[in-house]
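Hi,

Here is the structure I promised to pass on. Have a look, and my notes on what turned up in it follow below.

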Amino acid sequence: MLNKFGQSGQGEARVQYLDGDFRVISPGTYVRCAVTDAHIPLDELKYWSVDLQEAYALPSAVLQRHYPGALKASS
């Protein structure tokens, strides 16, 4: 959840990923996708792993991380 006064800080944020939510530990404007290294603006962050404490840019990145052969098999 973002600060009600808006984003503070620049650059990459440090985030704790929770069930259904996340907590900003160190302010920033984005986090990095663990698979693609893409910048994900905090207000667009939708996919993450609580167990691995990492973020994903797209559903396909989630599949690639957790089921590496899944996308290759369906192509």
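Arg65 and Glu54 meet through their side chains in a salt bridge, 2.6 Å from N to O; the term covers a side-chain nitrogen of Lys or Arg within 4 Å of a carboxyl oxygen of Asp or Glu. The pair ties together distant parts of the chain, with Arg65 in helix α1 (residues 59-66) and Glu54 in strand β6, 11 residues apart. Helices (H or I, at least four residues) and strands (E, at least two) are DSSP runs, numbered from the N terminus. Glu54 is buried at 13% relative accessible area, while Arg65 is partly exposed at 38%. Buried here is under 20%, exposed over 50% and partly exposed in between, using a 1.4 Å probe and protein chains only.

One caveat: this is a predicted model, so local features need pLDDT of at least 70 and side-chain atom pairs pLDDT 80 or more, while totals for chains, interfaces and linings use all residues. Residues are numbered from 1 along each chain as its sequence is written, and side-chain values use heavy atoms, leaving out hydrogens and water.

The salt bridge count is three. Arg32 pairs with Glu12 at 3.0 Å, and Asp37 pairs with Arg32 at 3.6 Å, which links Glu12, Arg32 and Asp37 in a network.

Cheers
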